[in-house]
Amino acid sequence: MAHRVNHGAGPVDAESQLHTARREQGRRLFSARDLVVLAVPVAGAVLGILALALGRRSL
């Protein structure tokens with residue numbers, strides 16, 4: 001059984017260990033595809049808020 005170090009920050013789960021391991025190795029956490037999938041709805045939200053603020057759209 002592997003020994004896990006938990007410094008009181010809550011339960012240790014596999015996903016948080018994976019992100020920590022990748023960060024320590026200098027590897028990317030997100031692929032380019034992941035970033036595009038995130039950027040598209042964020043850009044849409046920003047455009048929607050601007051359209052509402054400028055009066056081009058209404059609720």
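**Close-up views of a predicted model**

**View 1. Leu54 in helix H2.** Leu54 belongs to helix H2, which covers residues 32-54. The model is predicted. Leu54 is exposed because its relative accessible area, 66%, is over the 50% cut-off.

View 2. In an α-helix, residues three or four places apart point the same way, because each turn takes 3.6 residues.

**View 3. Helix H2 from end to end.** H2 runs for 23 residues. Its first and last C-alpha atoms are 32 Å apart, close to the 33 Å expected at 1.5 Å a residue. Gly55 follows H2 and has a positive phi, near 80°.

**View 4. The whole chain.** The chain has 2 helices and 0 strands. Of its 59 residues, 2% are buried. The chain exposes about 5,700 Å². Carbon and sulfur atoms supply 62% of that area.

Notes:
Residues numbered from 1 in each chain as written. Predicted model: local features only at pLDDT ≥ 70, side-chain atom pairs only at ≥ 80, totals over all residues. Heavy atoms only, no water. Helix = DSSP H or I, 4+ residues; strand = E, 2+ residues; numbered from the N terminus. Buried < 20%, exposed > 50% of the residue type's maximum accessible area, 1.4 Å probe, protein only. Expected span 1.5 Å × (residues − 1). Areas by Shrake-Rupley, 256 points an atom, 1.4 Å probe, with all protein chains shown as cover.
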